[in-house]
Amino acid sequence: MDVLNEIHEFLGCETPDAWVDEALRQPEILLIDHAHCEKKAASTAMTLMFRYVDRTDLLNKMSRLAREELIHFEQVLELMEARNVTYCHMSPARYAGGLRQHIRTHEPGRLVDTLIVGAFIEARSCERFAKLAPHLDDVLAKFYRSLLKSEGRHYQDYLGLAADYAGEPIDERVAMFREVEAELISTPDTEFRFHSGVPTAA
């Protein structure tokens, strides 16, 4: 899959095998947090739509993205119900916050960085779906593979919008966030979540 190859080049590291092993040991937490991630992704897209009402391309792409993420949220809930997994509150991973603390506070830097962070979150989700799928039961594997196309497009949408709105090359900002993201993924993490780092004892 071309977009998956592109994503592997975009990300600064692969998901560690230790994270995959932990995901297979904690399938309920994986599903619950996956549902939260889809809901948060829709919320992020809606926030951008409310904040940047004068950017038509952003409005169209984020509207479509929000709808798709909410459909994915409903699909995860269905899977959970079929497996008797109860949806509940869950503390967030350090991941998104760790990326967002580097977002600039002035415009257009704030928008550009927010879009770059969105691209990394979507790219990592896509990479993890692909990494998990071979190890899962047929139903879940089919679902995760079905998400690859849309999540890959979301990554491309975020990155394309960032480049469009920057008014200058974004390579340096992307490189900075790539380094931050890779560190969050490859260093020890006491809490297991869909976007957590290397599992370790609390």
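At what angle do helix α6 and helix α7 pack, and how far apart are their axes? That was my way into this one, which is a predicted model.

**Entry 1: the helix pair.** I looked up α6, residues 109–132, against α7, residues 138–166. The packing angle comes out at about 160 degrees, and the axes sit 8 Å apart. Angles over 145 degrees count as roughly antiparallel, so I put α6 down as roughly antiparallel to α7. I also checked the handedness: α6 passes α7 in a left-handed crossing. Then I sorted the residues in the contact of α6 with α7 by class, and got 20 nonpolar, 4 polar and 2 charged.

**Entry 2: what else is in the fold.** The protein has 8 helices and 2 strands. Going along the sequence, I read the order as α-α-α-α-α-α-α-α-β-β.

**Entry 3: overall dimensions.** Next I asked what radius of gyration a compact globule with 202 residues would have.

Entry 4: How much of the protein counts as buried? I have 50% of the 202 residues in that class. Last, I went through the contacts with a sequence separation of 6 or more: residues 24 or more positions apart account for 79% of them.

How values were computed
Residues are numbered from 1 along each chain as its sequence is written. This is a predicted model: local features need pLDDT of at least 70, side-chain atom pairs count only at pLDDT 80 or more; totals for chains, interfaces and linings use all residues. Side-chain values use heavy atoms; hydrogens and water are left out. Axes are lines fitted to C-alpha atoms, for helices over the stretch in contact, and angles run from 0 to 180 degrees between N-to-C directions. Helices (H or I, at least four residues) and strands (E, at least two) are DSSP runs, numbered from the N terminus. Angles under 35 degrees count as roughly parallel, over 145 as roughly antiparallel, 65 to 115 as roughly perpendicular and the rest as oblique. A crossing is left-handed if the near helix is turned anticlockwise from the far one by less than a right angle, and right-handed if clockwise. Ala, Val, Leu, Ile, Met, Phe, Trp, Tyr, Cys and Pro count as nonpolar, Asp, Glu, Lys and Arg as charged, and the others, Gly among them, as polar. The radius of gyration is taken over C-alpha atoms; the globule rule is 2.2 Å times the number of residues to the power 0.38. Buried means under 20% relative accessible area, exposed over 50%, partly exposed in between (1.4 Å probe, protein chains only). Contact means heavy atoms within 4.5 Å.
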